Amino acid sequence: MLKYELKKFFAKTANRVILTALILIAVVYSLLAAESMSYTDTDGSHLSGIGKMTAGRRLAADKNRQKGELTAEKISGAVKSYQELKQQCQGELPDTEFGKTVQSYWDILNFTANVYTVEPAFLPDVITQLTEEDTEHIYDIYAANMDKMAEEYAETPAQEAFIKKQYEKVNIPLDYEAYDSWETMGMYIQTYVIILAVAIGFMAAGIFDEEFRNHAEQVFFAAKYGRSKAARNKIAAGIITASIVYWAGIGLMSFISFGIIGASGFHTPYQLSDPYSIYVMTQGQYYLLIVLCGYIASLLSASVTMLVTAKMRTAKVAVCLPFFMFCVMLFIARSLSEVTRIVYYTTDVLTNVIQAVKVPILFQAGDVVIPQLPLVMALYFAVSVILLPFIYRSYSRYGLAKSGK
Amino acid sequence: MELGFKNVSKNYGEIFAVDDITYSMETGVYGLLGVNGAGKTTLMKMLCTVTRPTAGQITWNGEDIFRLGESYRDLLGYLPQDFGYYPSLSVSDYMMYIASIKGIRPGLAKKRMKELLEMVGLSKYQNRKMKALSGGMARRVGIAQAMLNNPKILVLDEPTAGLDPSERIRFRNLISGLAEERLVLLSTHIVSDVEFIAEQILLMKDGKFYYTGTSEGLIASMEEDVWLLTVPRQKVNQYLQKYPVGNVKHVPDGAELRILSKTPPAKNAVRADTTLEDAFLLYFGQKAGDENVEV
Ligand SMILES: Nc1ncnc2c1ncn2[C@@H]1O[C@H](COP(=O)(O)OP(=O)(O)OP(=O)(O)O)[C@@H](O)[C@H]1O
Ligand SMILES: [Mg+2]
C-alpha cells in the first residue's frame, strides 16, 4: 500500500516539476557558493571564470599553512606581521601582500579582533592598535571577556552559571584549520533549507488533497482500509517523502559544493568565527545544526500542511502556511522582539540558525536553563509528532459527521 | 445476506435528498431508477459509508454498517457517479493501489487486475496513464476497480454513463453473470440498462421509493395501455399536450406516436406491449433517460 502511495507521490506531475526545480536549485546554489569564494594568488591576481571553482580549495590550502594549535605566539606573529605590512605600505594593503601572507592568517586576525573587541569592529583598525602585551595575553583577555559576557548575557544566576559552563567547553588554545567551506555553505544551505521546507509542505499537502481534487475520495473511503490503514499510510508517505526529499536535497547540494570547494575545517571550533557564542561546537557541527533544524522544519511543514489540508479538504490554505511559518514569521518575530519573548521560540528560528547561534537567548524554567535552539528543536519536533494523530482523525472521519458534510 | 434500510433520511438543510426510506435487499440485481435529483446518488453514498444518514439506520445482517466499518467495507464494491482517479498513475498502478487499500494481497491483486481488465476490455491499456483514457474507458476502469475484491455488495452509480452501445451490452451481460451470489444495486436513467437484468426495480422520486417490485409487476400495475398511432405532422403537438407520449418516430405519412392512455386515443390506434420505459414515462411524467439509447 505504502509502495503505491509513494509511487503516486513521485508520479504526480506537480511533484515532478518541484523535484526537478529543487535539483536545479541545489546545483545552481552549489555553483554560486563555489563562485562566492575568493582567493588571492601570491602575485595579487584573483581567479576568474571557471578557475574560480578552484578558489575554495586553494584558499584552504593557503590558510592551512597555519593549521594546528592556535597559540598566543602564533597570534602575536600574525598580528605583528600585519602591523608591519600596514606600516610599510601606508594605508591600503596591496593585493600581492594579501595573497602572499595576510590571506593565510586572515581568520586568525579576525578571531583576535573579535576576542578583543567583543562587538564587531573594523578589523584593520583593531589589529593595528593591538599591543604586544595584548596579543601575548589574548587568551587571558578571552577568558576575562567570557566571564563578562556571561554576566552580561545572563538574567539570573542560573543562566550565568550555564553560560560559564558552556564557555568552559571551549578548548584553549583553539585548534585552527581553514573553515571557509563550512562557513560559506552554512549560508547557502540555510537558504536552501527554507526552500526545501516550503516545497515539502506543498507536496505533503498534495498527498491529502488529491482524493478531493480528483474526486477519488468516494472510492477511497468506501475501500476496506480507507478510513484506517490507508489513511495512516498517507501520513507515513508524507513523513517518508518529506525525509527523502529533504535529505536527498541536502545531500546533493552538500555533495556538489563540498566536492568543489573541499571540506577542510570540519573540526575547527565555531568559536573562531564567533568567540562568544554560547553554542560551543565545531564548524562541521554548526553546518549539521542548520541542516538538522531544517529537517525539523520540514517535518513540521509536512505535518501542519497535511493537517490543514485534511481538515479543509483542500490544500489551498495549507500550502501558504510554510511560507508564513518560515519567511513571514521571521519579520513578524523581528518586529515584535521588543514586545514579547514568545517570538524567540517561533518557527522561523528553525530556518534561521545562522542568526540564532549568534544570539544568546536562554529559556529558564525553575533552575533548568535551555538555550533557544535545542528548545525550539525539541518543541517543534514534538509538535510535528503530536499533530499526526489529528491528521489521521480529520482525514479518516470524512463524511461521518451527522450534519451535512 | 440482508441489507436493511430503517427510516433512512438524509437532508442537506431544507432539502431531503433521501426521505424516510425503509426497505430490505438480498442477493440479486436491483435497478434504481429515477430522474435527476431523485436521491439515488445520496442513497448509494450512504450505503457505501461515504456519508452518514441524518436519521435512520442502514444494517447488514442486522448490524449497523457504520459500526461494522472495515468488515462491512470489505464486502463492498463501489463505482461512484462522480468517479475520479489519480491522473498520473497508469491503469495497472491505479488498480494495484485500489487493491491495496481494499486489503488485497499483491499476488492476488495482480491476478484479479488482469482478469478484470480483460473483462472490461482494457488489457491493452494497462500501461496507459489514467488521464490519457477516454471518458468511457475510465468508467470501465471504474467498474473493474469496484470488482477487485469480489464484493458481496456491488453498488454502481450510473455505470453505463458514457459507454458506447457495444460496451453497454457487454456490461449488461456481465452484470447478469455476476448477480448470482451477490447484491448488485445499480442506478441509471436508462431504462433499457435494467429492464432485462434487474430482478427488482426501485423507482425513486423526491427521496422516496415510489415503487418497488419486479418490472412485470410495475407494468401490470399500470392502468394505462400503450398505443401506437400514426398522425399527420401538424397534429403531433396536439397529442403531446393531451397524453404522455413516448417515442415519436418519423414515418413517411407523418409521425408514429407511442401514447399512454387508458382508452384508445384514436380509432386507428394499435395496442402495443407495455415496457418498463413506458412505466417510467408515466410515473415520472417525462421521457426516460437523457441518452435514449435503443439497443
Ligand atoms: N452535497 C450536497 N449538498 C446539498 N444538496 C445536495 C448535496 N448532494 C445532493 N444534494 C441534493 O440532494 C438531492 C438528491 O441528489 P442526488 O445526487 O442524490 O440525486 P440523483 O438521483 O443521484 O440525481 P442524478 O440522476 O442527477 O445523479 C438533489 O436535490 C441535490 O441537489
Ligand atoms: Mg446521481
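How many salt bridges are there over all chains? The count comes to 27, a salt bridge being a side-chain nitrogen of Lys or Arg within 4 Å of a carboxyl oxygen of Asp or Glu. Side chains of opposite charge can pair when their charged atoms come close.

Before you start clicking: this is a predicted model, where local features need pLDDT of at least 70 and side-chain atom pairs count only at pLDDT 80 or more, while totals for chains, interfaces and linings use all residues. Residues are numbered from 1 along each chain as its sequence is written, chains are lettered from A and ligands numbered from 1 in the order in which they are written, and side-chain values use heavy atoms, with hydrogens and water left out.

**Stop 1: a charged network in chain A**

Select Lys12(A) and Glu210(A). They form a salt bridge, with the closest N and O atoms 3.5 Å apart. Lys12(A) sits in the loop between helix 1 (2–11) and helix 2 (13–36) of chain A, and Glu210(A) in helix 10 (180–213), 198 residues away. Helices (H or I, at least four residues) and strands (E, at least two) are DSSP runs, numbered from the N terminus.

Buried or exposed, what is Glu210(A)? Glu210(A) is buried at 4% relative accessible area, and Lys234(A) is buried at 0%. Here buried means under 20% relative accessible area, exposed over 50%, and partly exposed in between (1.4 Å probe, protein chains only). To see the whole network of salt bridges, select Glu5(A), Lys8(A), Lys12(A), Glu210(A), Glu211(A) and Lys234(A).

**Stop 2: the loop between helix 8 and helix 9**

Go to Ala154(A), in the loop between helix 8 (138–153) and helix 9 (157–168) of chain A. Ala154(A) is buried, at 13%. Setting aside neighbours within four places in sequence, Ala154(A) is in contact (heavy atoms within 4.5 Å) with Met149(A), Gln159(A), Glu160(A) and Ile163(A).

Glu155(A) is in this loop as well, and is exposed at 54%. Its salt-bridge partner is Arg341(A), with the closest N and O atoms 2.8 Å apart. Arg341(A) is partly exposed, at 43%.

**Stop 3: the magnesium ion**

Pick ligand 2, the magnesium ion. Thr41(B) (OG1) and Gln81(B) (OE1) coordinate it at 1.8 to 2.0 Å. Donors are N, O and S atoms within 2.8 Å of the metal (3.2 Å for Na, K and Ca), and water is not among the atoms, so sites may look incomplete. Thr41(B) belongs to helix 1 (residues 40–47) of chain B and Gln81(B) to the loop between strand 6 and helix 4, so the pair ties together parts 40 residues apart in sequence.

Colour helix 1 of chain B next: six of its eight residues are buried, including Leu43(B) and Met46(B).

**Stop 4: where chain B meets chain A**

Show both chains. In contact here are 35 residues of chain B and 33 of chain A. About 3000 Å² is buried between them, 56% of it from carbon and sulfur atoms; buried area is the accessible area (1.4 Å probe) that two parts lose on being put together, summed over both.

Two salt bridges are counted between the chains. One to select is Asp74(B) with Lys224(A), whose closest N and O atoms are 3.7 Å apart. On the side of chain B that touches chain A, helix 3 (70–73), strand 6 (76–79) and helix 4 (91–101) of chain B each give two or more residues. Helix 4 of chain B gives the largest share, seven residues.
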